[in-house]
Amino acid sequence: MNIKNVIKAPFFIVLVIVNLSCGVQDNKDENRRISFDDNWRFVKDNPDGAEDPSFNDTQWRSLDLPHDWSIEDLPSQIADSILGPFSKASPGKMRTGYTIGGTGWYRKTFTIEKTDSQKIAYLEFDGVYMNSDVWVNGKHVGSHPYGYTSFYYDITSYLNEAGQSNVVAVQVKNEGGNSRWYSGSGIYRHTWLSLVNPLHIGIWGVHVQTPSVSESSSDINVSTTIINSENEIATVKVQLQIIDPDGNVAMTTEQTVEVPSHERMNIEQNLTVANPALWSIDDTNLYTARVSILQNKNLADRSDTKFGIRSIEFSAEKGFLLNGRSIELIGGCFHHDNGPLGSKAIDRAEERKMEILKNAGFNAIRCSHNPPSPYLLDVCDRLGILVIDEIFDNWEEPKVSEEDYSKDFKAWWQKDLESMVTRDRNHPSIIMWSIGNEIHEALDTTGFRIAKNLAGTIRNLDNARAVTEGFNDFARRRGQQSNWHDSAPHLALLDVVGYNYMYDRYVEDHELYPDRVMVATEFMPLYSLENWKTVQDYPYVIGNFAWVAMDYLGEAGVGLSRIVPDAPTNGMAMMGAFFSRDSWPIFNDFQGDIDLIGNIKPRYDHQLVVWGKSTIEMLVHEPIPSGMKENVSPWGWPEELNSWNWEGHEGEIMQVHVYTRSPLVKLELNGAIIGEQVIEGDTSITATFEVPYKPGILIARSYTGGVETGADTLKTVGKPAAIRLVADRNAIHADRNDLSYVMAEIIDEAGNIIPNANDILVNFELNGHGEIAGVGSGSPIDMSSFQQPHKKSWHGKCLAIIRPIGKEAGLISISANAEGLKGSTIEIMTK
């Protein structure tokens with residue numbers, strides 16, 4: 001299927017069962033793929049001989065994966081230069097949030113049971129940042145440079161005899177400046193060990209396509225890779241079972257084939273599912289497909305995969321259709337870190353991140369600028385979040401230095417791209433593959449050649465989704481003569497063209513290229529109304545993706561407003577200030593709609609009104625000292641708060657912004673109307689009031705045709721009196737992959753959160769079978785430890801992340817105290 005101007009891509013995820021005989025028996029190998037995360041040893045050093053099985057690692061740390069050493073406190077803390085994990089000597093400076101990489105080693109001892117002596121062993125890594133080398137029993141197994149793609153090794157021939165111990169050693173090198181954002185360092189995603197019989201399904205060996213999907217039926221084509229490592233031809237009966245969302249077997253089909261010795265074979269099967277329960281963003285119906293291998297009625301292999309049935313279509317005439325229904329993409333870009341946890345991809349952290357975005361109103365994400373963890377995509381399937389799965393931030397030309405991925409691109413691009421697509425192509429949530437972001441060589445012949453190779457490789461592996469790429473007109477951005485239209489041959493290779501910060505080009509480009517489908521792969525929050533209007537007005541603009549949905553570590557201060565002397569400022573100089581290499585003590589980007597610990601930021605209130613998800617929102621600008629002015633980052637937002645607490649500023653004029661799509665706004669203070677404004681036309685949703693500050697209750701009301709459409713209230717709250725602890729979940733699994741996020745709220749005597757309660761040191765204490773995995777706040781400048789059991793409040797909140805120890809059920813008690821405040825204690829049940 002050659003996707004061009006119109007993409008009709010029905011989709012179905014399936015897992016296949018490969019049988020060597022009829023009649024599926026209970027499968028003792030049902031859990032053939034087991035976690036390999038526990039009981040590793042680690043050292044942040046580069047000792048000679050660490051790959052040798054006899055190397056003495058008893059003085060190394062014991063830990064469980066996932067692990068990120070760059071988020072951990074540095075030794076030899078020095079005021080103003082080494083604070084928590086931050087160092088002014090960081091090679092990445094503001095890009096990586098002043099964190100440190102380096103070289104580290106991991107080792108693990110394990111034994112293969114004698115009952116598994118004839119098995120094939122695969123060691124799988126979901127992600128290692130970066131430049132990893134793996135040894136098993138002192139023998140080098142392989143290297144993997146890229147820090148964001150999954151990879152695996154067949155380690156069978158490296159193992160000792162069953163029953164004897166084996167040692168796997170992994171060296172990880174995150175040296176120099178190689179990233180534009182915080183990457184983290186180490187084996188930061190899951191690891192897996194698969195023990196399979198010589199006749200088995202290959203890793204990522206199932207590919208499902210659907211030539212047609214409707215409410216009445218779905219045609220399905222399933223391709224399964226079967227590997228025969230035996231010395232004889234294997235007669236294989238491939239059985240495909242489809243299990244519906246209620247757990248019933250919907251249908252079964254079988255096929256008998258012969259797989260040659262020491263070869264792999266792709267088996268294709270076709271079937272039709274009647275009256276399928278379609279997957280959508282509102283109804284995330286997930287089926288299960290089961291693949292098994294039986295030999296002489298003995299089951300040799302089995303694996304289950306969740307899947308969904310849905311159709312997608314992209315065209316300039318209709319926009320984006322999901323199951324025939326028009327969907328406007330309310331999207332957010334995000335980087336991969338999990339705030340106080342660093343880059344550690346603990347399952348619950350990945351899940352909570354997506355839950356926050358879904359609950360905030362996003363229906364789509366862009367994985368910027370690399371593939372996410374596999375589990376995050378599982379979560380998107382369950383929650384109904386559409387995904388742009390992106391592979392690279394740069395190609396052959398470096399963006400950061402000669403140490404970034406550009407040095408490995410020529411040798412590794414195809415392997416990394418194949419890894420992403422074959423791993424992820426059965427997820428119903430993924431609707432687009434992105435081959436790159438703001439690629440420097442995009443406009444020249446080198447860029448055209450590379451893009452053609454990348455897009456062609458993707459379509460050979462999966463032709464059921466759109467191929468896209470994020471573009472930026474760098475010349476115009478620098479005030480130079482634009483050469484944008486030189487990119488037309490390159491853009492013609494894509495199914496959907498990603499526009500970064502170029503909404504004003506849509507109409508002109510549509511006239512020149514009427515079949516082009518466009519999407520804002522990045523937009524600035526100050527222009528969210530203009531961007532969203534294009535989505536509403538033009539079907540060929542299918543949505544937009546905010547830069548960014550959530551604050552992340554690194555690119556420090558790019559979104560943070562600066563208070564500077566009130567003097568003329570050169571625009572380019574001001575822009576450069578936001579990208580200054582020296583932004584200490586700022587450590588996070590502060591560009592998000594949601595802060596580093598998951599709280600909605602004020603700028604998102606404006607976004608809610610833009611998207612029509614709220615009728616009215618009100619924000620108050622922080623006072624600016626006399627003789628100073630605010631430089632607002634194009635990627636940021638003015639320093640506004642949901643607050644009417646401005647003690648010490650009584651009588652001073654406060655700027656109040658009310659956001660609404662209604663034409664009339666009235667403002668009340670303590671029961672008296674103090675002003676009203678008319679918002680004319682559809683080019684603004686903002687009413688601005690100048691209000692002398694007086695404590696009390698401030699209410700904004702919106703009206704259309706004389707009828708009140710909404711109201712928003714801010715009130716002056718009392719002084720800090722107590723801490724209130726609120727857990728996102730009070731019952732969790734006794735599992736290292738589960739977490740409870742406990743928010744500490746600074747409240748007054750009436751229980752109101754105090755929005756200006758900053759810098760109150762909250763001390764946490766934990767008892768029971770758990771640990772504090774991280775602490776944090778939304779502050780972009782609090783360079784304190786993420787691991788010590790205390791944190792300063794910011795806008796009335798800070799966070800402790802609780803992680804179970806072991807698998808023993810019980811109670812975990814966590815207390816929070818601060819000087820002069822009433823403390824709080826809550827319990828979390830592990831089960």
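This is a dialogue about reading several features of one predicted model.

Trainee: Let's start with the barrel. How do strands hold on to each other, and which strands make up the closed barrel here?
Mentor: Strands of a sheet pair through backbone hydrogen bonds, in either a parallel or an antiparallel sense. In this predicted model, eight strands close into a barrel in the order S25-S26-S27-S28-S29-S30-S31-S32, with parallel pairing. From one strand to the next, the twist averages 25°.

Trainee: Can we zoom in on one pair? How many bridges join S30 to S31?
Mentor: Four bridges link strand S30 (residues 497–500) to strand S31 (residues 518–523), and the two run parallel.

Trainee: Helix H2 next. Which of its residues are buried, and what covers them?
Mentor: In helix H2 (residues 374–383), the buried ones are Pro374, Leu376, Leu377, Val379, Cys380 and Asp381. Their cover includes S25, H1, strand S26 (364–367), strand S27 (386–390), helix H3 (406–424) and S28. Just after H2 comes Gly384, with a positive phi of about 85°.

Trainee: Is Asn338 buried or exposed?
Mentor: Asn338 sits in the loop between strand S25 (329–334) and helix H1 (347–360). Its relative accessible area is 9%, and the cut-off for buried is under 20%, so Asn338 counts as buried. Leaving aside neighbours within four places in sequence, Asn338 is in contact with Lys344, Ala345, Ala349, Glu350 and Lys353.

Trainee: What about Arg61, buried or partly exposed?
Mentor: Arg61 is in strand S5 (residues 61–63). At 40% relative accessibility, Arg61 counts as partly exposed. With neighbours within four places in sequence set aside, its contacts are Trp40, Arg41, Phe42, His67 and Glu72. For a sense of scale, Arg61 and Asn248 are 187 residues apart in sequence and 47 Å apart in space, C-alpha to C-alpha.

Trainee: Now for an antiparallel pair. How many bridges do S38 and S39 share?
Mentor: Strand S38 (residues 664–669) and strand S39 (residues 672–678) pair in the antiparallel sense over six bridges. Leu669 has Ala672 in S39 as its bridge partner. The two strands form a hairpin with two residues between them, and in the turn Asn670 has a positive phi of about 55°.

Trainee: Which other residues besides glycine have a positive phi, and where are they?
Mentor: Asn323 is one of them, with phi near 55°. Asn323 lies in the loop between strand S23 (319–322) and strand S24 (325–326), and is partly exposed, with a relative accessible area of 23%. Glu555 is another, with phi near 40°. Look for Glu555 in the loop between strand S32 (541–546) and strand S33 (562–565); at 10% relative accessibility, Glu555 counts as buried.

Trainee: Where should I look for cis peptide bonds?
Mentor: Check omega. From Leu65 to Pro66 the bond is cis, with omega near 0°, and Pro66 is in the loop between S5 and strand S6 (82–83). The bond from Trp584 to Pro585 is cis too, with omega near 10°. Pro585 lies in the loop between helix H9 (571–578) and H10.

Trainee: Last one: pockets. How much space lies in the second largest pocket, and what lines it?
Mentor: Rolling a probe the size of a water molecule over the atoms shows where empty space is left. Here, the second largest pocket holds about 1100 Å³. Its lining has 46 residues, with Pro602, Leu641, Pro755, Trp794 and His795 nearest the centre. By class, that lining has 19 nonpolar, 15 polar and 12 charged residues.

Trainee: Which element gives the most to that lining?
Mentor: H10 does, with five residues. Helix H10 (602–610), strand S36 (640–641) and strand S42 (707–715) each supply at least two. H10 is mostly covered, with nine of its nine residues buried; among them are Pro602, Tyr604 and His606. After H10 comes Gly612, whose phi is positive, near 75°.

Methods
Residues are numbered from 1 along each chain as its sequence is written. This is a predicted model: local features need pLDDT of at least 70, side-chain atom pairs count only at pLDDT 80 or more; totals for chains, interfaces and linings use all residues. Side-chain values use heavy atoms; hydrogens and water are left out. On a 1 Å grid over the protein atoms alone, a cavity is a set of points where a 1.4 Å probe fits but cannot get out, and a pocket is an open set with protein on both sides within 12 Å along at least five of seven lines; lining residues have an atom within 4 Å of a point. Grid points are joined across faces, edges and corners, and a volume is the space filled by probe spheres set on the points. Ala, Val, Leu, Ile, Met, Phe, Trp, Tyr, Cys and Pro count as nonpolar, Asp, Glu, Lys and Arg as charged, and the others, Gly among them, as polar. Two strands pair if DSSP finds at least two bridges between them. Axes are lines fitted to C-alpha atoms, for helices over the stretch in contact, and angles run from 0 to 180 degrees between N-to-C directions. Buried means under 20% relative accessible area, exposed over 50%, partly exposed in between (1.4 Å probe, protein chains only). Contact means heavy atoms within 4.5 Å.
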